[in-house]
Amino acid sequence: MKKDIRTRRDIERLVDRFYDKVKADDLLGPVFNDVARVNWERHLPVMYDFWDNTIFFSGTYSGNPMLLHQHLHGRFALTASHFDRWIDIFNITVDELFSGENASMAKQRGGNIAAVIRSKILGIGSRG
Ligand code: HEM
């Protein structure tokens, strides 16, 4: 039986595994590696804080992901397929490592936030 997401260490495992898959993904990998040229040493701790805050309301994150993704979209056209892939990889990663209430909540919140960013950037219900 897999355990639930309970600690900051669990969040770090989830985020590390998620971005390992994202980096290697044929669709999302190039956006992070070639378009944004992400500095992972800087980005990963921000994402630990984001998910810590999103799952445990820890107050660790106060950035503006919406603005950042709009800016990214201005440099490289994101499509519905990018968001679908993001959600698939996120859900697969959560299920691979955890199960329980917080794991379900993480998937739900991830999906909701993805839908909000996507509709803001692409318009509601858009495909591609
Ligand atoms: C099409 C899907 C997505 C792509 C291609 C994408 C890509 C990116 C990139 C390139 C960055 C900048 C990283 C850096 O340079 O440090 C970023 C930051 C970030 N992304 Fe995404 N993202 C996607 C979806 C999402 C979703 C669905 C969420 C939330 C559930 C999310 C949350 C964040 C957060 C919190 C940051 C950091 C913002 C900050 O620095 O304060 N992203 N994303």
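This chat walks through the ligand and its surroundings in a predicted model.

Me: Which protein atom is the donor to the iron atom of the ligand?
Reply: The iron atom has a single donor from the protein, and that donor is NE2 of His-69, which lies 2.0 Å away.

Me: And where does His-69 lie?
Reply: His-69 belongs to helix 4, the helix that covers residues 65–75. A polar side-chain atom of His-69 is also 2.8 Å from a nitrogen atom of the ligand.

Me: What about oxygen atoms of the ligand, how far is the side chain of Tyr-61 from one?
Reply: An N or O atom in the side chain of Tyr-61 is 2.6 Å from an oxygen atom of the ligand, and for His-43 a polar side-chain atom lies 3.2 Å from a ligand oxygen.

Me: OK, which residues come nearest to the ligand overall?
Reply: There are 21 residues around the ligand, and those that come nearest are Phe-32, His-43, Tyr-61, His-69 and Trp-86.

Me: Which helix gives the largest share of that shell?
Reply: Helix 3 does, with 6 residues. At least two shell residues come from each of helix 2 (29–35), helix 3 (40–56), helix 4, helix 5 (80–97) and helix 6 (101–122).

Me: How many of the shell residues are nonpolar, polar or charged?
Reply: The shell around the ligand holds 17 nonpolar residues, together with 3 polar and 1 charged.

Me: How many residues line the largest pocket, and which lie nearest its centre?
Reply: Its lining is made up of 30 residues, and Phe-32, His-43, Met-47, Leu-68 and His-69 lie nearest the centre. Helix 2, helix 3, helix 4, helix 5 and helix 6 are the elements that each give two or more residues to this lining.

Me: And how does that lining divide by residue type?
Reply: The lining of the largest pocket has 20 nonpolar residues, 7 polar ones and 3 charged ones.

Notes:
Residues are numbered from 1 along each chain as its sequence is written. This is a predicted model: local features need pLDDT of at least 70, side-chain atom pairs count only at pLDDT 80 or more; totals for chains, interfaces and linings use all residues. Side-chain values use heavy atoms; hydrogens and water are left out. Donors are N, O and S atoms within 2.8 Å of the metal (3.2 Å for Na, K and Ca); water is not among the atoms, so sites may look incomplete. Helices (H or I, at least four residues) and strands (E, at least two) are DSSP runs, numbered from the N terminus. A residue is near a molecule or strand if one of its heavy atoms lies within 4 Å of it. A polar contact is a pair of N or O atoms within 3.5 Å; within protein, one must be able to donate a hydrogen and the other to accept it, and residues adjacent in sequence count only if both atoms are side-chain atoms. Ala, Val, Leu, Ile, Met, Phe, Trp, Tyr, Cys and Pro count as nonpolar, Asp, Glu, Lys and Arg as charged, and the others, Gly among them, as polar. On a 1 Å grid over the protein atoms alone, a cavity is a set of points where a 1.4 Å probe fits but cannot get out, and a pocket is an open set with protein on both sides within 12 Å along at least five of seven lines; lining residues have an atom within 4 Å of a point.
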